[in-house]
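Hi,

Here is the structure I promised to pass on to you.

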Amino acid sequence: MRSPKSLLKSLTAIKNELKEDIAAVFDRDPAARHTAEVLLTYPGIHALILHRGAHYLWQHDQKFIARAISYGARSLTGIEIHPAAEIGKRFFIDHGMGVVIGETAKIGDDVTLYHGVTLGGVSWNEGKRHPTLEDGVVVGAGAKVLGPFTVGKNAKIGSNAVVVKPVPAGATMVGSAARMISEHHDEKGNLISKPATKPQDEKHTATERQESVKMDKPSNQEELAVNETPKQPLNEAECQKMRLAEAFGFKAYGLGPGVQDPVAEAFAKMLEHIQQSEARLDELQAAICRLDPDFCQKDYEKLSAKDLDVLEEK
């Protein structure tokens, strides 16, 4: 039987973990208003609390009871987490319905999952079958991460992506199967080395940036002339959210609206080349008609971006 001191220590640790989990909700969900609402109406918090209890029982060889708690949590929240899965601090499941986390999955600190995410396996063999998500990973709605590999620190997985291979730290994965879009990695995940900049160049660039900001930024009087009422200063909680969002490079659902799909970019380049070729062909036809009046100039249908649904007008 555990001593009262040991029991009190465990309860204190549970209380502190719960405080951190609730704080994570306020940091990453603008819809959260107060602690009671989070505790009573957020299925992600309910699933996490029940999982921590089930995981403790699983580690202490009470596997049937642990699975029973896991099944009850699944029925209550729509979130299925195997009791053996290891989950770090400040884990946040937004909305939560349809999330599945497998037995050998490992999740680091400050990870965010949206609804419909699957951390699954592709093998029936025993041992490591599910992915490892390092600190700060964001997985978008409906994404599937399948296999015993690692998703690196602060990586982002776009909505409905299917990831079946390791992801480097800081990379963004989109599509099915997912393709990497990163300024710092090539298609195989290798780091792209950047040429070293001289200190003088860095100083010159910084000076130009400061001058540009001064030129672009209007004065306080001009700003007030445009906006009749000055903006209210952000409170400390809002500033903290913005700092956290910048630190994590947070983008809801793992993908920002400015990020382009590499396949769509390739199509755009091909379309641009085709349009240039068509313009040149028109010039050639006009020149031949001037040389030979009997030459029959034919009109043909031009290709445009509207013919390709995958592309968006830039």
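First, the ground rules. This is a predicted model, so to speak of local features I needed pLDDT of at least 70, and side-chain atom pairs count only at pLDDT 80 or more, while totals for chains, interfaces and linings use all residues. Residues are numbered from 1 along each chain as its sequence is written, and side-chain values use heavy atoms, with hydrogens and water left out.

**The sheet.** Six strands make up an open sheet with mixed pairing, in the order S3-S6-S9-S12-S14-S15. Strands here are DSSP runs of E with at least two residues, helices are runs of H or I with at least four, and both are numbered from the N terminus; two strands pair if DSSP finds at least two bridges between them. Strands S3 (92-93) and S15 (178-180) are at the edges with a single partner strand each, so one side of each has no neighbour in the sheet. S14 (residues 172-175) and S15 run antiparallel and are joined by three bridges; Val174 has Arg179 in S15 as its bridge partner.

**The cores.** A nonpolar core is a set of buried Ala, Val, Leu, Ile, Met, Phe, Trp, Tyr and Cys residues joined through side-chain atoms within 4.5 Å. Buried means under 20% relative accessible area (1.4 Å probe, protein chains only), exposed over 50%, and partly exposed in between. The largest core has 32 residues, of which Phe91, Ile101, Leu113, Val139, Val151 and Ile157 touch the most other members. Helix H3 (43-59) and S15 are the elements that give two or more residues to this core. Another core lies apart from it, with seven residues, including Ile22 and Phe92.

**Gly147.** This residue sits in the loop between strands S10 (144-146) and S11 (150-151), and is buried at a relative accessible area of 1%. Its C-alpha atom is 5.0 Å from that of His130, 17 residues apart along the chain.

**The largest pocket.** How much space lies in the largest pocket? About 540 Å³, where the volume is the space filled by probe spheres set on grid points joined across faces, edges and corners. A pocket is an open set of points on a 1 Å grid over the protein atoms alone, where a 1.4 Å probe fits, with protein on both sides within 12 Å along at least five of seven lines; lining residues have an atom within 4 Å of a point. Of the 21 lining residues, Ile14, Glu17, Arg52, Gly53 and Tyr56 are the closest to the centre. H1 gives the most to the lining, with eight residues.

Best wishes
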